[in-house]
Amino acid sequence: MVSIPEYYEGKNVLLTGATGFMGKVLLEKLLRSCPRIKSIYVLVRYKAGKTSQERVEEMINCKAFSSYSKRVA
């Protein structure tokens, strides 16, 4: 049986719902635990009068991502 970091090594992941509570938890866990993941694509839609970009900025500015914010492109 392979570990989670080994499973995701070199893989691309598409994550939907990343701005929700569980999505943020999963995204942070992947970033922290799987350093050799190739790419994480986050699908974010326009909602509640906010653009996708505004929602992503709001998400990465939360406390869970404080150590990653400087590295997000």
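**Exercise 1. Determine where Arg55 lies and which side chain of opposite charge is nearest to it.**

Solution. Arg55 belongs to helix H3, which covers residues 52–60; helices (H or I, at least four residues) and strands (E, at least two) are DSSP runs, numbered from the N terminus. The model is predicted: local features need pLDDT of at least 70, side-chain atom pairs count only at pLDDT 80 or more, and totals for chains, interfaces and linings use all residues. Residues are numbered from 1 along each chain as its sequence is written, and side-chain values use heavy atoms, with hydrogens and water left out.

Next, consider burial and charge. Arg55 is buried, where buried means under 20% relative accessible area, exposed over 50%, and partly exposed in between (1.4 Å probe, protein chains only). Lys and Arg count as positive and Asp and Glu as negative; His and the chain ends are not counted.

Finally, examine the surroundings. The Arg55 side chain reaches the backbone oxygen of Arg45 at 2.7 Å. Beyond its neighbours within four places in sequence, Arg55 is in contact (heavy atoms within 4.5 Å) with Thr19, Val44, Arg45, Lys47 and Lys50.

**Exercise 2. Identify the partner of Glu58 in a salt bridge.**

Solution. Glu58 pairs with Lys50, and the closest N and O atoms are 2.5 Å apart. Glu58 is partly exposed, because its relative accessible area is 48%. Lys50 is likewise partly exposed, with 31%.

**Exercise 3. Describe the setting of Glu28 and its salt bridge.**

Solution. Glu28 is located in helix H2, residues 21–33. Its relative accessibility is 15%, so Glu28 counts as buried. Apart from neighbours within four places in sequence, Glu28 is in contact with Ala64, Phe65 and Tyr68.

The salt-bridge partner of Glu28 is Arg32, with 3.1 Å between the closest N and O atoms. Both residues lie in helix H2, 4 residues apart, about one turn of the helix. Arg32 counts as partly exposed because its relative accessibility is 47%. A search of the whole structure finds 2 salt bridges.

Key: Salt bridge = Lys/Arg side-chain N within 4 Å of Asp/Glu carboxyl O. Polar contact = N/O pair within 3.5 Å; in protein donor to acceptor, adjacent residues only side chain to side chain.
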